Amino acid sequence: RTTYLFSYLDAKPERPSVGEIFDDYWDLLPSYQDINLDDLELLRILYGVFPTYRNSPLQSDLDRILQVGDASGIQSPLSFGGFGSLTRHIERIVSALD
């Protein structure tokens, strides 16, 4: 059995910590997977945090650098939104840069 935990949140101090989110995941796992935790054979646990921003704080100091896709910090690498969006709109992006 494979399950995934994805979190989209900002880093404001009032938000739950990564540990708290992971604790909630384990508490809720039996109810939404319809399984007892004792019946699971854990092989490995992977969890990552990918911060995303509407207005990225990762601004370039160089005015000739255009950050796009996942590198811009405004798309999630998990959703393929950055690279996928870049490839779908490449013609519009290129014409805007010309």
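1. A residue is called buried under 20% relative accessible area, exposed over 50%, and partly exposed in between (1.4 Å probe, protein chains only). By this criterion D27 is exposed, because its relative accessible area is 60%. Of the 98 residues of the chain, 14% count as buried.

2. The model under review is predicted: local features need pLDDT of at least 70, side-chain atom pairs count only at pLDDT 80 or more, and totals for chains, interfaces and linings use all residues. Residues are numbered from 1 along each chain as its sequence is written, and side-chain values use heavy atoms, with hydrogens and water left out.

3. On secondary structure, the chain has 3 helices and 0 strands, and its pattern along the sequence reads α-α-α. Both elements are DSSP runs numbered from the N terminus, helices being H or I with at least four residues and strands E with at least two. Helix α1 covers residues 18-33, and α2 covers residues 81-88.

4. F22 and Y25 form a stacked pair, with 5.9 Å from centre to centre and 15° between the planes. Rings of Phe, Tyr and Trp (its six-membered ring) pair if their centres lie within 6.5 Å; planes under 30 degrees apart count as stacked, over 60 as edge-to-face and the rest as tilted. Within helix α1, F22 and Y25 are 3 residues apart and so are separated by about one helical turn.

5. Both F22 and Y25 are buried. F22 also pairs with W26: the ring centres are 5.8 Å apart and the planes stand at 90°, so this pair is edge-to-face. Because F22 and W26 are 4 residues apart in helix α1, about one helical turn separates them. F22 counts as buried because its relative accessible area is 19%. One aromatic cluster is formed by F22, Y25, W26 and Y32.

6. Helix α1 also contains D27, which belongs to a negative surface patch together with E20, D23 and D24. Patches are made of residues with over 30% relative accessible area and no salt bridge, like charges being joined within 9 Å and nonpolar side chains (Val, Leu, Ile, Met, Phe, Trp, Tyr) within 5 Å. A salt bridge is a side-chain nitrogen of Lys or Arg within 4 Å of a carboxyl oxygen of Asp or Glu.

7. D27 and L37 are 10 residues apart along the chain, and their C-alpha atoms are separated by 9.3 Å. P30, which lies in helix α1, is likewise 10 residues from L40 along the chain, with 10.0 Å between the C-alpha atoms. P30 counts as partly exposed because its relative accessibility is 26%.

8. Most residues other than glycine have a negative phi. D34 is not a glycine, yet its phi is positive, at about 55°. D34 is placed in the loop between α1 and α2, and it counts as exposed because its relative accessibility is 70%.

Key. Areas by Shrake-Rupley, 256 points an atom, 1.4 Å probe, with all protein chains shown as cover. Lys, Arg positive; Asp, Glu negative; His and termini not counted. Charge placed at Lys NZ, Arg CZ, Asp CG, Glu CD.
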